[in-house]
Amino acid sequence: MDTLSYKTVSMSKQTVQKEWLVIDATDQVVGRLCSKVAKLLRGKYKPCFTPHADCGDNVIIINADKVVFTGKKETDKLYTHYTGYPGGQRFNTPAKLRQKKNGVERIIRHAVKGMLPKGPLGRSLQYNLYIYEGTEHQQEAQKPRAIDINQYK
């Protein structure tokens, strides 16, 4: 009997085809942008998605300083970090972080990090994200492809 057989193909680090993508973050909502970026970093939009391998793309975000929060999150949301000393808990709002150096980058990285898997794979995926506050970026040699992030779900 002649039947078709299908095999599940697992991609490895060597066999995956990684792309370089540029996303313009002008007037994008932070959480919605970061959830789509996390899926791109993970490779979930690809048909060859493999959960245990880095099969995602390299993502470059430009105009990161133009992202927005909905509602009153710009002034009411709190980011907490701990210095390691007694009484060393520090709080920042997105409005205060925007005024600091690399503040917008920290906001976006914090949001994307929470949407990636916890463990060694998630930590390695974070190195595939590049964030720039202006329109210029340093990855021109990789010939990145500009995409419209609004076309993704």
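C55 is buried, its relative accessible area being 0%; here buried denotes under 20% relative accessible area, exposed over 50%, and partly exposed the range in between, with a 1.4 Å probe and protein chains only. The structure is a predicted model, in which local features need pLDDT of at least 70 and side-chain atom pairs count only at pLDDT 80 or more, while totals for chains, interfaces and linings use all residues. Residues are numbered from 1 along each chain as its sequence is written, and side-chain values use heavy atoms, with hydrogens and water left out.

The structure holds zero disulfides, a disulfide being a pair of cysteine sulfur atoms within 2.5 Å. C55 takes part in no disulfide, and the nearest cysteine sulfur, that of C48, is 5.7 Å away. C34 is likewise in no disulfide; for C34 the nearest cysteine sulfur belongs to C55, at 20 Å. C34 counts as buried, at 1% relative accessibility.

Five salt bridges are present in the structure, a salt bridge being defined as a side-chain nitrogen of Lys or Arg within 4 Å of a carboxyl oxygen of Asp or Glu. One of them joins the side chains of K18 and D54, with an N to O distance of 3.1 Å. K18 is located in the segment before β1 (20-24) and D54 in the loop between α1 (30-42) and β2 (58-62), so this pair ties together parts that are 36 residues apart in sequence. Helices (H or I, at least four residues) and strands (E, at least two) are DSSP runs, numbered from the N terminus. K18 is partly exposed, with a relative accessible area of 32%, whereas D54 is buried at 16%.

A salt bridge is also formed by R145 and E19, whose closest N and O atoms are 3.1 Å apart. R145 belongs to strand β6 (residues 145-147) and E19 to the segment before β1, so the pair ties together parts that are 126 residues apart in sequence. R145 is partly exposed at 39% relative accessibility, and E19 is partly exposed at 34%.

Within helix α4 (residues 103-115), E105 and R109 are four residues apart, a separation of about one helical turn. These two residues form a salt bridge in which the closest N and O atoms are 3.1 Å apart. R109 counts as partly exposed, at 29% relative accessibility.

I131 is found in strand β5 (residues 129-131) and is buried, at 8% relative accessibility. The C-alpha atoms of I131 and R109 are separated by 8.5 Å, the two residues being 22 residues apart along the chain.

H137 is placed in the loop between β5 and β6 and is buried, with a relative accessible area of 11%. The side chains of H137 and E140 are joined by a polar contact of 3.1 Å, that is, a pair of N or O atoms within 3.5 Å; within protein, one must be able to donate a hydrogen and the other to accept it, and residues adjacent in sequence count only if both atoms are side-chain atoms. A polar atom of the H137 side chain also lies 3.3 Å from the backbone nitrogen of Q139. Not counting residues up to four places away in sequence, H137 touches V22, I60, I62, Y132 and P144.

Conventions: Contact = heavy atoms within 4.5 Å.
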